[in-house]
Amino acid sequence: MNHLEPASQSRQQQIFTVTRLNSAVRMILEQDLGLVWLTGELSNLAMPSSGHWYFSLKDMSAQVRCAMFKGNNRRVPFRPQDGMQVLVQARVSLYEPRGDYQLIIESMQPAGDGMLALRFEELKRRLGAEGLFDEGRKRPLPREPRAVGLVTSATGAALHDMLTVLRRRAPDLPVFIYPTQVQGSAATAQIVSAIMLANRRAEVDVLIVGRGGGSLEDLWCFNEEAVARAIAGSAIPVVSAVGHEVDVTISDFAADLRAPTPSAAAELVAPDRSTRAQRLVHLRQRLTQAMSRHQVAARHGFVLLQKRLDHQDPKRRLEQQSQRLDELDRRLQQHLRDRLHQGERRLAGLAMRLQARSPEKLLAIGKRRHQLAEERLHALIAKRQDLARHRLAMLGARLDGISPLATLGRGYAIVRTPSGEVIRRASQVNAGQTLITTLAEGALRVRVDEVDNR
């Protein structure tokens, strides 16, 4: 029984209740999938007194039950109806009492504007990650522009508003208009071309790119990536002025400055005439004060120079300089004499050294040294020869003393076999053998008759 209990417990751990299963599935769905975006058609919409909304979201092939609680549906800016296409953000969940798979809706918007809003947020995130909207790359507008460029519709109210403001604030400021469509499919390419044209011509110091108000779809060309990159890549500072103050576009983030309206953009780029007049007055005052200070400083410097001139009489300066010239001339003459005497002494010393090193004298000394060396060499050779002769005689006497011939001269003989073997013992010879006996003078060939080994 003890061996079976663990297996039984293991099987019991794998048994789910329906409640536990539904709860586990709900947690898996909510944790793994998280928030999702999807679009579809509303159907079976129910709005009970509790304030919550219940409906189905369907397409051509499938549908899913949905619930949107009143805390979230209060933020929906329109009244939903069956058959309406919507874009929702939802959490995937499970209604545990019935085991129904459902969506918990967090937000809802009409499908058209919703898709555009999604595209807007995606492009904003991507370009922002590239650093296209960084504040560090934005340039300040010129304080006193020489000319202003307007990239907008030639027939729109925005152009009229901007020209009115520019004429009021700076009537002498040149204005260049780069007409373009600001709505529709062709507007994006035309806006990009107008910005590039203004950069090629380089005839303005600041550009205003914009139009009047409209729906999100009307303003969409200013949310296109090509327009944002053209604005960011412009060598001329760009002010974005699209729609009303509540309208925000990608162009606003890419531009060097955003204006809430086209009229406000004209206010920003054109210096006010009265302000310019006040600034000119201020600059004139500063210039007058600077000239006054410069004149005072010049007068003071002139007085100082006059005093220095009075203290330094030109005639006295000339006398001092003349005396100094005489002193320098005397020192120069003395220096030349000293250098001349030094040269003469050095020349005499060199002559004596040259005489001591005369070639004839050196040649005579060399000949004498050669003669002495030759005499010493001859004497050394004779001495070495005498020593060699004496040593040779001594070695000859010693050689004669140990020579075998001297021994033979005293009556001894050397006995060999015909093959040259020296006979030292009688046992080396046999009777009848022929031997060769070497004497002091000559040799004998003998025959052995008898061998005595005693």
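Trainee: Is asparagine 44 buried or exposed?

Mentor: A residue counts as buried under 20% relative accessible area, as exposed over 50%, and as partly exposed in between, with a 1.4 Å probe and protein chains only. Asparagine 44 has a relative accessible area of 57%, so the residue is exposed. Please keep in mind that this is a predicted model, in which local features need pLDDT of at least 70 and side-chain atom pairs count only at pLDDT 80 or more, while totals for chains, interfaces and linings use all residues. Residues are numbered from 1 along each chain as its sequence is written, and side-chain values use heavy atoms, with hydrogens and water left out.

Trainee: Where does asparagine 44 have its place, and what is its phi?

Mentor: Helices (H or I, at least four residues) and strands (E, at least two) are DSSP runs, numbered from the N terminus. Asparagine 44 belongs to strand β1, residues 35–46, and its phi is near 55°, a positive value in a residue other than glycine.

Trainee: How should I read alanine 202, and in which loop does it lie?

Mentor: Alanine 202 sits in the loop between α6 (187–201) and β8 (206–211), and although it is not a glycine, it has a positive phi of about 50°. With a relative accessibility of 56%, alanine 202 counts as exposed.

Trainee: In what order do the strands of the open sheet stand?

Mentor: Two strands pair if DSSP finds at least two bridges between them. Here 5 strands form an open sheet with parallel pairing, in the order β7-β6-β8-β9-β10. The edges are taken by β7 (175–179) and β10 (257–258), each of which has a single partner strand, so one side of each is left without a neighbour in the sheet. Within this sheet, strand β6 (residues 148–152) runs parallel to β8 and is joined to it by 4 bridges, and valine 151 has valine 209 in β8 as its bridge partner.

Trainee: How many bridges join β12 to β13, and how many residues of β13 are buried?

Mentor: Strand β12 (residues 434–438) and β13 run antiparallel and are joined by 5 bridges, with arginine 445 in β13 as the bridge partner of isoleucine 436. The hairpin of these two strands has 4 residues between them, and glycine 442 takes a positive phi near 90° there. Strand β13 (residues 443–447) is hardly covered, since the count of buried residues among its 5 residues is 0.

Trainee: What separates the C-alpha atoms of arginine 20 and glutamate 96?

Mentor: Those C-alpha atoms are separated by 9.2 Å, although the two residues are 76 residues apart along the chain. Arginine 20 lies in helix α2, residues 18–33, and at 44% relative accessibility it counts as partly exposed.

Trainee: What radius of gyration does the protein have, and what box do its C-alpha atoms fill?

Mentor: The radius of gyration is taken over C-alpha atoms, and the globule rule is 2.2 Å times the number of residues to the power 0.38. For a compact globule of 454 residues the value would be near 22 Å, but the protein has 64 Å. Taken along the principal axes, its C-alpha atoms fill a box of roughly 165 × 135 × 50 Å. Buried residues make up 26% of the 454 residues, and the secondary structure comes to 13 helices and 13 strands.
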